[in-house]
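Here is a short report on one protein chain. Keep the sequence and the 3D view open while reading.

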Amino acid sequence: MNLQQRDEACIWHPYTAQKNNAPIIPIVKGKGTLLYTENNTTYIDAISSWWVTIHGHAHPEIAKRIFEQAQILEQVIFAGFTHKPAIELAERLVKMLPGQMAKIFYSDNGSTATEVAIKMSIQYWWNQGQVQRNKILAFKNGYHGDTFGAMSISDRSVFTIAYRDKLFEVIFIDTPTPANLNELTNFLQNEGEDIAAFIYEPLLQGAGGMKMYETYLLNELLNVAKHQSIVCIADEVLTGFGRTGKFFASDHVYTKPDIMCLSKGLTGGTMALGVTACTKNIHDAFVSDDKMKTFFHGHSFTANPLACTAALASLDLLETVECIQKIGWLAKMNKAFSYDLERLNGIKNVRVLGTILAFEIDTGSDEYLNNISREITAFCLQQGVYLRPLGNTVYIMPPYCITETEYGQVQQTILNWIALNNQ
């Protein structure tokens, strides 16, 4: 049997229909932006393999650092022990993260990073004897992961419908607009005393449809939340590490979060790692002689030395002049491409945020299960480009190492599909 047949015999893939689905494509190698199949067909990975591979595939510097660390220490329990990669990474993140982050709590992916943040914020109030302050506030169309806590704070959608009666109650509000800002701020002022935390994806709601909203509106909302002492949690699992044009989306916003969640690009996409960072004020609520105020949370692979080493290598690359310039270049290319797209029929709501460009195919139905996604993916693969639309929402989010020629191929592939379907 070939790899595709062997896969079909024993593997259940994520977010993949189990009947009448397109055949799975075995990938045997990755290099830069390119993914290679068994017969040496190549695809430009225009979505950074679910938004994680910021420096490209098989980056030699990251691979070298992981190899060297693997010969020294590959894993150790992180309760009662520590190690150099975890310390160095925490020191570095504390310095570069927006606001006054003081402590780093490690986990193993984006969902667990948000689980930690919600548990941390609820226990923050519990430890202070304010057990009634336990409501969670979140945006509609938000997505924070697939574990039960993360699903609970995500919008009720196709991702969560089967589990709705098992999810805890959350207050969902619209993302801010000039028209609804007063209504939202009034709500916070009236209800804030019962709200423990407000979790938000700053400026960009990823899996909810690449929805973007204005910086100044988020800032106004956060100001009011802060005045009500609501713990503000920035879910930067997607938006961190250069994606929005700055190192973090919260760098765009004047009012900074109390807690930040990181993953995806944290390790350059090479290893699983999650981070929940918090301010000294949050951490101090857990400093007590009362052992019941301990934060009872952990993971077997907390602060895995290999993953922390990969993250340190990725940060080294991210901070180079070359990478910073490429992020700026990619943002300019996206902006220029958006002007071309806005002139075309059959698409709507073209938008750009740093290295991310998105728009909708005007099918009359904006939903994740729209069949147009599968059609676009199949067409683009024939053109040597990998895109995976969110329903009728098409987006590009390539690795920062993408070349001008490769970007042009992605651009032309999208234009070819639009032209073909406008006939």
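Is Ser 48 buried or exposed? Ser 48 counts as buried, at 0% relative accessibility. Buried means under 20% relative accessible area, exposed means over 50%, and partly exposed lies in between (1.4 Å probe, protein chains only).

## Basis of the model

This is a predicted model: local features need pLDDT of at least 70, side-chain atom pairs count only at pLDDT 80 or more, and totals for chains, interfaces and linings use all residues. Residues are numbered from 1 along each chain as its sequence is written, and side-chain values use heavy atoms, with hydrogens and water left out.

Ser 48 sits in helix H2 (residues 48–51). Helices (H or I, at least four residues) and strands (E, at least two) are DSSP runs, numbered from the N terminus. The phi of Ser 48 is positive, near 55 degrees, and Ser 48 is not a glycine.

Phe 241 is another such case, with a positive phi of about 65 degrees. Phe 241 lies in the loop between strand S10 (231–235) and strand S11 (259–262). Phe 241 counts as buried, at 1% relative accessibility.

## A three-stranded sheet

Three strands form an open sheet in the order S13-S14-S16, with antiparallel pairing. Two strands pair if DSSP finds at least two bridges between them. The edges are strand S13 (347–353) and strand S16 (393–396), each pairing on one side only. Neighbouring strands of this sheet are turned by 15 degrees against each other on average, direction ignored. Helix H11 (residues 321–342) packs on the sheet and touches S13, S14 and S16. Contact here means heavy atoms within 4.5 Å. The direction of H11 makes about 165 degrees with that of S13. Axes are lines fitted to C-alpha atoms, for helices over the stretch in contact, and angles run from 0 to 180 degrees between N-to-C directions.

S13 and S14 pair over 5 bridges in the antiparallel sense. Val 352 has Leu 357 in S14 as its bridge partner. The two strands S13 and S14 make a hairpin with 2 residues between them. Gly 354 in that turn has a positive phi of about 60 degrees. Ala 358 stands opposite Tyr 395 in S16.

## Salt bridges

The structure holds 11 salt bridges. A salt bridge is a side-chain nitrogen of Lys or Arg within 4 Å of a carboxyl oxygen of Asp or Glu. Glu 61, Arg 65, Arg 92, Asp 316 and Glu 319 are linked in a network of them.

Arg 65 pairs with Asp 316, with the closest N and O atoms 3.0 Å apart. This pair links distant parts of the chain: Arg 65 is in helix H3 (residues 60–70) and Asp 316 in helix H10 (residues 305–318), 251 residues apart. Asp 316 is partly exposed, with a relative accessible area of 32%. Glu 319 and Arg 92 also meet in a salt bridge (2.9 Å, N to O). Glu 319 lies in the loop between H10 and H11, and Arg 92 in helix H4 (residues 84–96), 227 residues apart. Glu 319 counts as partly exposed, at 36% relative accessibility. In a further salt bridge, Arg 351 meets Glu 360 (2.8 Å, N to O). Both Arg 351 and Glu 360 are buried.
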